[in-house]
Amino acid sequence: MTIGNIPKDIRRKPSRHAHILLAYLPTTRLEHIKNRASRRRTITNLFHACMGHILEPLKSAGEDGLHMRSGDGITRRGHPLLACYVGDYPEQILVSGTMTGECPKCNVPNGELGSKDALFKPRDLESILTALNIADEDPIGFAEHCAELRIKPIQHPFWQGLPKSNIFHAITPDVLHQLYQGLVKHMIAWIKSAFGEAEIDARCRRLPPNHNIRIFNKGISSLARVSGAEHNQICRFLLGVIIDIPLPNNISSAKLVRALRGLLDFLYLAQYPCHSAETLQLLDEALTRFHDNKDIFVTLGIRTQFNLPKLHSYRHYLHMIQEYGTTDNYNTEYTERLHINLAKDAYRATNHKDEYSQMTLWLERQEKILQHASYVHWRLAGDPLPQSHLPPDMQYAREYKMTKHPSVKAATIDSLRDDYGASFFRAALARYIVLHTRPDATTRAQVEHAAGHVYIPFTSLPIFHKVRYNAVDSAGHKDESVTVDSVHCQPARRDKRGNTVPGRFDTVLVNCGNGGEKSVEGYRVAQVRVIFSIPEKHHASLFPSHILIPKHLAYVEWFSPFTGTSERNHGMHKVSRSYENGEQLVSIISVKDIRRSVHLIPKFGRSAPRDWTSSNVLELCREFFVSPFTDRHAYATIY
């Protein structure tokens with residue numbers, strides 16, 4: 001259990017202990033009851049009886065209120081109410097008492113669960129409570145009323161007497177089970193049936209590496225018991241790998257691509273940490289786009305209908321976000337970790353005999369230890385400064401961090417050409433020096449002419465192989481414990497066992513001077529070849545004293561600029577390498593101008609070339625799609 005006035009950035013971290021364990025519920029299967037229907041009814045009634053006993057104190061507390069002291073030390077009268085119940089679909093059915101295969105929130109018919117236009121109304125709580133109240137007086141009438149209202153004949157469900165609570169309104173969206181383990185799971189299976197597992201697996205193995213992308217070296221078709229985290233990873237590249245795969249019988253894949261793009265847009269928009277009228281409209285449009293194109297799976301013979309309760313639940317997201325806030329307030333993904341902390345770890349601490357009393361005693365001692373540790377920390381820290389939790393926003397601020405010492409203390413310029421692929425490093429560095437020292441050089445020809453007379457007084461440079469990025473919250477605090485992004489530029493090497501590790505040179509999104517927080521305007525894609533520093537002892541001979549030289553510079557190879565409009569069906573931007581007079585267009589830039597890493601998905605064609613690998617595809621492929629799905633920051637920027 002948790003309470004609603006805890007900031008969600010605290011609630012979603014299990015280590016902050018914003019959830020408390022109230023009780024262990026019985027998991028008995030009652031196998032001594034031979035009739036299956038009777039057994040199911042008894043298990044359901046047992047669950048509600050236990051929950052009713054646990055939540056009994058809420059009845060008087062909700063009506064009369066309680067005096068409670070909050071974190072600021074002030075005592076207030078509060079009325080604790082059951083506002084939300086977070087669970088997956090089987091738990092929602094068990095709690096609400098509705099029929100399996102139906103929506104636990106509304107009265108939409110079974111045969112219209114897959115419709116985008118079917119009218120529905122919320123379940124009538126008053127009528128249901130009226131039927132439940134006659135359970136003891138008229139058992140036959142009670143069963144008839146329940147059948148008419150399409151609910152199970154439960155004896156006194158736990159929410160029956162709770163004040164100001166409507167269990168059907170309290171059922172919340174569940175991103176983990178309804179999206180990642182719901183329609184996303186179905187969509188992946190449908191796509192494998194449509195395009196064939198072999199070709200999809202071949203493309204998955206040939207994707208270039210990225211900090212936020214997992215490379216499935218054995219493909220995705222062989223995965224068993226796929227977790228929500230793995231479905232999350234697959235969503236980050238799934239659209240890009242199917243774009244140009246032909247469908248059987250020369251059927252156009254445009255509708256399938258639009259359906260997948262609509263589902264992915266809904267998935268990412270539903271997880272926004274804050275919403276406006278504009279983003280909620282985009283959420284609704286994304287769902288409509290999926291419904292308008294989902295019949296392609298019927299055409300392909302993969303589906304005959306879409307009457308899936310989890311698909312219908314998406315129609316409730318808009319209202320529930322407006323009612324209870326964003327979905328990260330009530331995502332079961334956060335509480336899944338508590339099964340380990342509060343059940344599995346507690347069980348391992350017992351001797352596996354009469355375990356429940358030992359588990360509760362162990363948990364009680366753990367809580368006392370944590371409380372004492374918190375008290376000691378508070379006393380040692382003194383009076384803390386007042387903290388204010390700012391409301392969440394869409395500003396995904398981040399700062400880069402470099403290692404204190406370089407990865408290579410002195411790499412020769414020749415090795416940069418041979419090992420790092422920086423073929424035009426001297427010329428690029430000379431142009432960079434001219435651009436910062438010769439304001440009179442305004443044309444390309446003038447810059448090239450001046451660069452030819454620049455003398456570079458060193459033959460080696462300190463080289464860095466990695467840039468890390470840390471998130472900065474709305475209050476300006478940087479969390480250095482979590483690396484949210486990174487950029488690698490390291491040549492091929494041998495590991496401790498003598499095996500060759502391929503080189504890795506990541507692609508990035510570079511701010512060309514006028515890039516903003518959202519949209520690709522003002523940005524350009526580049527591949528980082530070298531990150532280096534100019535030795536301080538040479539600054540005076542290369543630059544005037546009034547010019548501040550960035551500590552870290554990067555040699556990059558440019559891709560073509562964004563055209564401003566993305567492709568109509570899949571909505572991604574296409575880029576290719578930029579050449580001038582037959583040579584790769586390169587530059588020296590400040591590492592500060594690198595906004596983030598970016599994942600490029602190769603344009604494979606009808607089938608993936610067999611000589612392409614994850615390590616060489618950036619060199620061999622000519623055209624790429626810029627993926628906006630690597631993480632939420634990329635989606636908000638590149639959308």
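**Ground rules.** I number residues from 1 along each chain as its sequence is written, and my side-chain values use heavy atoms, with hydrogens and water left out. As the model is predicted, local features need pLDDT of at least 70 and side-chain atom pairs count only at pLDDT 80 or more, while totals for chains, interfaces and linings use all residues.

**Entry: helix 5 and helix 6.** An axis is a line fitted to C-alpha atoms, for helices over the stretch in contact, and angles run from 0 to 180 degrees between N-to-C directions. I noted Ser127, Ile128, Ala131 and Leu132 in helix 5 meeting Phe142, His145 and Leu149 in helix 6, where contact means heavy atoms within 4.5 Å. By class, this contact has five nonpolar, two polar and no charged residues. For the classes, Ala, Val, Leu, Ile, Met, Phe, Trp, Tyr, Cys and Pro count as nonpolar, Asp, Glu, Lys and Arg as charged, and the others, Gly among them, as polar.

**Entry: helix 12 and helix 13.** Next I looked at helix 12 (residues 254-270) and helix 13 (residues 277-293), whose axes come within 8 Å and cross at roughly 150 degrees. Helix 12 and helix 13 are therefore roughly antiparallel to each other. Which residues of helix 12 meet helix 13? My list includes Lys255, Arg258, Leu263, Phe266 and Leu269 in helix 12, and their side of the contact faces a helix 13 set that includes Leu283, Leu287, Arg289 and Phe290. By class I find ten nonpolar, two polar and six charged residues in the contact of helix 12 with helix 13.

**Entry: strand 12.** Is strand 12 (residues 523-532) enclosed or open? Ten of its ten residues are buried, so I note strand 12 as largely enclosed by the rest of the structure. Buried means under 20% relative accessible area, exposed over 50% and partly exposed in between, with a 1.4 Å probe and protein chains only. Strand 12 runs antiparallel to strand 13 (residues 553-558), joined by six bridges, and valine 528 has valine 556 as its bridge partner in strand 13. Five bridges join strand 12 to strand 11 (residues 507-511), also antiparallel, and there threonine 507 partners glutamine 527. Strand 5 (residues 460-464) is joined to strand 12 by two bridges, again antiparallel; phenylalanine 464 stands opposite isoleucine 531. Strands pair if DSSP finds at least two bridges between them.

Entry: Asparagine 331 lies in the loop between helix 16 (317-324) and helix 17 (332-336) and is buried, at 7% relative accessible area. Leaving aside neighbours within four places in sequence, asparagine 331 touches Val86, Asp174, Val175 and Leu176.

I then turned to backbone angles: most residues other than glycine have a negative phi. Arginine 150 has a positive phi of about 60 degrees; this residue sits in the loop between helix 6 and helix 7 (167-170) and is partly exposed at 41%. Asparagine 249 also has a positive phi of about 60 degrees, lies in the loop between helix 11 (238-242) and helix 12, and is exposed at 73%.

Key: Helix = DSSP H or I, 4+ residues; strand = E, 2+ residues; numbered from the N terminus. Parallel < 35°, antiparallel > 145°, perpendicular 65-115°, else oblique.
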